Structures are given as C-alpha cells and as structure tokens.
Amino acid sequence: MNAPRLQPWHRLLSLRVLVPLLLLAYACAFGVTTLQRTLRQREKQVEDKSLEEMTLQMMSLRGTLEYLLGTGQLDAARQVVSTLAANSLLNAALLVDDHGLVLAALQPSWIGRPAQGIWPDWTSAEVTARRDGVQARREGTVWVSADGHRVEATFPLRLGPGDTPPRMGLIHLQQDLSLIKAEQRYRAERYALRASLLQAAVAGLMGVLFHFVLGRRVQRLESAARRIAAGELHVRSGLRGMDEVGRLGQAFDEMAERISQDQEALRRSETSFRTLIERAPDAIFVHRARRVLFANPAAASLLGHEREDTLRGIEVRELLMPGELDPLTQAPLTEAMREVHLRHRQGHAVLGEVVTFSIPFEGEPAWVSIARDVTERRQVQEKLRSTDRMVSLGTLAAGVAHELNNPLSYVLSNLRFAMDEMNERLGEGQPMTDEQAREILQALQESLEGGERMRNIVRDLRSFSRREDERQGPVDIHAVLDSCASLARGELRHRAQLVKEYGQIPPVLGNESRLGQLFLNLLVNAAQAIPDGDAKGHCVRLITGPAADGWVEIAVQDTGVGIPPENLQRLFKPFFTTKPVGVGTGLGLSICHGIVTAMGGRIEVSSEVGKGTTFRVFMPSAPAPSTAPSAVPPAS
C-alpha cells in the first residue's frame, strides 16, 4: 500500500509543526491578554491610589485654610495654596468665594478674577455637576474624570468667622494622571513582552522535542503500520519507554502480534472450513439472484454431475423437479428442514431435506441451502408406517369384525325372510297381498342399509390401509376424523363415549391417508388408556377449531389414567411405550410425530396422572390458489 501524497499545506497538520505553531499562537495570545489585563489592573491601582492621596490632601488643606481664613490671615492662606505648585502633576488649585471670585490660586494672576473667566474647566458639565452637589450636601467629593486622565476634588470651607449665615467657599484641585499611567503602561508592556518571549522559547523547545524525539518515533510507528497494512505481518515498531509514545508502540506491537496470530488462525480456519465443506456428506449450494455461486462435491454427487464446477452459474430452478415449490430462492421464514424433490441429471427425482438461510458470501448477501438425501430413509419410514397401520388394523380386527358381523347378520336374516316368503307364495300359486309385499320390501330395504354399512366399513379400511402417494392438498379434517372414529368404534364401545366438538375450520394442507393413520393411532391410544367396563363414566373428545395465524388445531382428549411427567419428554421417541410387553410396537407416537412434522405441522401433549391426556395437532390451513402456506406453526 503506497503512502498518500502529501501537499505542502498537509505538513501543517503534522504534530511536529502543528504543536509548536499552536504554542506560538498561544504565546502571542497570552502576551496580548496579559498586557490588557495588566494595563487594566495598573490603571485601576493608579486611580485608587490617587483618589486616596487626593482625599487626604484635601481634608488637610481644608482644615488649614479654614483656620487661616477664620483668623483673617488671607495672605497666609494664599501662601499655603501657592506652595502646592511643588507638585508638578497638579494642573490647578483654586480657592473660590461664594461669588465665584478666586481668593487664592497657583497662578497669582488669577486672584480677584472670576473663576469661570480664567479656567475653562470650571464651567464644564462634569465640574459644574460635582460643584453643585458639594454646595447642596456641604460635603467634599473626589473623582476621576470621565476620560481617566485626571483626578479632581472639590471641598466646601468657611471663608470667615462671625458671618450669619456663614459664607461658604470652595477649594478645587485637579491633578494629571497621564504621566503616571504612561509609566505603568510601559512597565506592563515590558512584563507582557517578557512573558511572550518566555512562551515563544517554550514553543521552540517543544518544537525541537516533537521533531527529534516524538516526530521520529511517530514516523517509525507510521512506517510499521503501513508495512503491516501491506501484508508484512512480521514487522514490529520496536518502540520502548514509559512515556505515552513508548506505551503506544508496545500496544501497537501487541496488536500486530495478535493480528498475525489471528491471520494465521483465520488461514487455518479457512482451510479447515473448506475441507469440511468439500468433504461434508450433505449437498451444499450457495446462490444469489437465483443462480448457483458455489457447490460442494456432495452436491454434484447428489445430482449426478461429475464435478461441482458444472453446477456453478446455473439457475436454481434447474435443481428442482417441475412443479416443486421453490424453497431455495424464497427467503425462508424458518430454519426447519423442508422436503424437496431435486432433479437428478438423468431426470429422475431425488427426495431431499433442505434448509436455507442467509450468509455473507464474497462480501455480499447470499443464500446457502443444505440438502440431505432422504430417499432411502423415506422408504424405511414408509415401511414402518405400513407396519404401524397393519398393527393398528390388527388391534382393531375384533372390533371391525363385530361391526361387520352385526349388519351381515340382519342382512342375511332379511334376505332369508324375503326368499322364504317369495318361495311360499310362488309354491302355493297364491297372489301376494299388499301387506306381504310391504314386508318383503322393508326386509330388502334393511338389507340394503346393512350392505351400505358394510361397504362404508370396507371403504374406511381400504382408505386406511392403502399405500398413499406423497402429494399434499386440501383435506377435510372432519371427514378424516369421522372415518377414524368409525374404525375405532370397537375399541371405544366398552371403554368410553365418543364426543365430537367440531368448530368452523377450513381444509388443512396435508395427506388424507397419513392424517387418517395419525388420528386413528391417537384414538386407539386414547381408548387403551381408559379401563374397560365403565363406558358411561369416561369419554374421548374430538375437538377442532381455528388457531393463530390461520392454522387449525385438532385435539384428541381422553379421561384415562394419564402419563407420568417423566415419560412426557420421551413419548415421541421410537420404541418407547408404557404398555405391557407384547402390546404395541412402541412406534405409534413416534410415527405420529414424523407424520405431523413431515407435513409442516406440530404435535403437543399435556397430561395429568389420574385425569387424562390431551394430544393437540396444529396443521396449516390449505392455501388459496395464489398464496403459499405459512411456514411456522403457531405457538401454543
């Protein structure tokens, strides 16, 4: 990987340049800020000190002048005011009487003249406002001018003794602050300059430090990172030290070592994963946009191809038999196995259980379908189901024989009666009366009803025992339950009463013969769970009704002995049975479970010892021609 080309202005972003520049900018900003803050502080100190000194001076001057004026020593008072000229910062000092005439001043030429005519500041708005306030309150005031260049004071004082009312004059001083503030500004600038130079020196030292100490180490770390990014996983920075860069270098080397180990583990994992996929006995297809992207050798073998490369790029629908639902390209709603007829290269069907789920493949979303050949297993299951049907028929043989014997008896009896009557009339040559004709007709009608009854029983037996095809379609579940109840009547007759509680349900999606085997097994088990001899005290209920999401619930409920809790978890395992030895094969409920799950349904059981057992079967309703069945049974 090549390093990006740096523009000249990009170098400003380097820590070696950026940090010193930031420190230098900070030094400048610090100097300016320090200068402004120091200036404000020093000017405030000058003003506060000048105000304090002016206040003390005015209080002392007023006392001295009042004493001299009270004793009639005007010349001495003027001498005191003139001595204030020793203060070079004092701009003006005026002693004014109550008529505005100057009694004493720094300039002798101002004595006896109106103050407003010789000193323009005397009539300024600021001095006039202050003077009026002093005369009104009879209290002195000291202030700094609005422009901050001067400190001024005005105090009232008595002009002489014995006056009624007393005459009040004013003493006014004005002192310049410009020189003092200028000196303080100079000192503040020198202080700010020294601080800025110190900060600039620190910035220079930091720049050197970053360039020679930090910069080179960072460059070394950057070079190592780029080489690792280029694939040189053995490279390490080699930085040491207890500072941040040293610890960063050590952490970087640890990260590089971990990356190297992870890459090696990933390489071994990829090798193991590829070996696992290629040697897996199940067929694996990865597809996107209805085209195969990858297939393992087992997939090629399952479909009769010589190499798996010949499957790549073909459309997924070519893997399925015509008319088969397409679970490979539709987004699956569940990861449960679904039976699919795959198309062999020679054209015949291969029955497989397929599960499809999404995975990222080569950086983009894709689907993976795993198919398992269950053709032989299905043949074995079919033989087991046939065996179970025969066992069920053997269990029902006595009852079915009794069901056939009853109608057969009165059919034969009625036929003999009709034959005897006909022979007697024909032998005697006598005509048959209307009453005799009606009796013979009634006997024949009853014989016909008995024959129909026997035909229905035989039809139910044939429907139950015939070898069914694998196709599924809409099934009237009530008709199936009625047929199973008819076959199980002999088992139920002396044990319990059969109660049907049918609800309004749509046809279910399934196989009629398989469903017949399922519910006949459940009815026989229900009957055998009830002791013989108390038919009126027990009952077996057939309950149907709608379930959630358009599904159908069929329940077979008995009032038998119940099943212990420890046996409920093993109830659907092959060859598990609670019946005595020699009664049943232990395959009935296992086959029931297989029948339900193969048709996309679910079977549940609940039981309480001494109160009975309930088996609930959930089946999807048959879809409309334009819809597909839901893929997940509703939760109970």
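In which loop does Arg138 lie?

Modeller: Arg138 lies in the loop between α4 (125-137) and β3 (141-144); helices (H or I, at least four residues) and strands (E, at least two) are DSSP runs, numbered from the N terminus. This is a predicted model, in which local features need pLDDT of at least 70 and side-chain atom pairs count only at pLDDT 80 or more, while totals for chains, interfaces and linings use all residues. Residues are numbered from 1 along each chain as its sequence is written, and side-chain values use heavy atoms, with hydrogens and water left out.

The backbone of Arg138 has a phi near 60°, a positive value in a residue other than glycine. Most residues other than glycine have a negative phi. Arg138 counts as exposed because its relative accessibility is 52%; exposed means over 50% relative accessible area, buried under 20% and partly exposed in between (1.4 Å probe, protein chains only).

Ala289 also has a positive phi, near 55°. Ala289 is placed in the loop between β6 (283-288) and β7 (291-295), and its relative accessible area of 69% makes it exposed.

Val245, by contrast, counts as buried, at 13% relative accessibility. Val245 is found in helix α6 (residues 244-279). Between Val245 and Leu221, 24 residues apart in sequence, the C-alpha to C-alpha distance is 9.2 Å.

The axes of α10 (residues 477-487) and α12 (residues 512-528) come within 9 Å and cross at roughly 50°; axes are lines fitted to C-alpha atoms, for helices over the stretch in contact, and angles run from 0 to 180 degrees between N-to-C directions. α10 is therefore oblique to α12, since angles under 35 degrees count as roughly parallel, over 145 as roughly antiparallel, 65 to 115 as roughly perpendicular and the rest as oblique. The contact (heavy atoms within 4.5 Å) involves residues including Ile477, Val480 and Leu481 of α10 and Phe519, Leu520 and Leu523 of α12.

In the protein as a whole, there are 14 helices and 17 strands. Of its 636 residues, 37% count as buried. Among contacts between residues at least 6 apart in sequence, 59% join residues at least 24 apart. The accessible surface comes to about 36,300 Å², of which 55% belongs to carbon and sulfur atoms; accessible areas come from the Shrake-Rupley method with a 1.4 Å probe.
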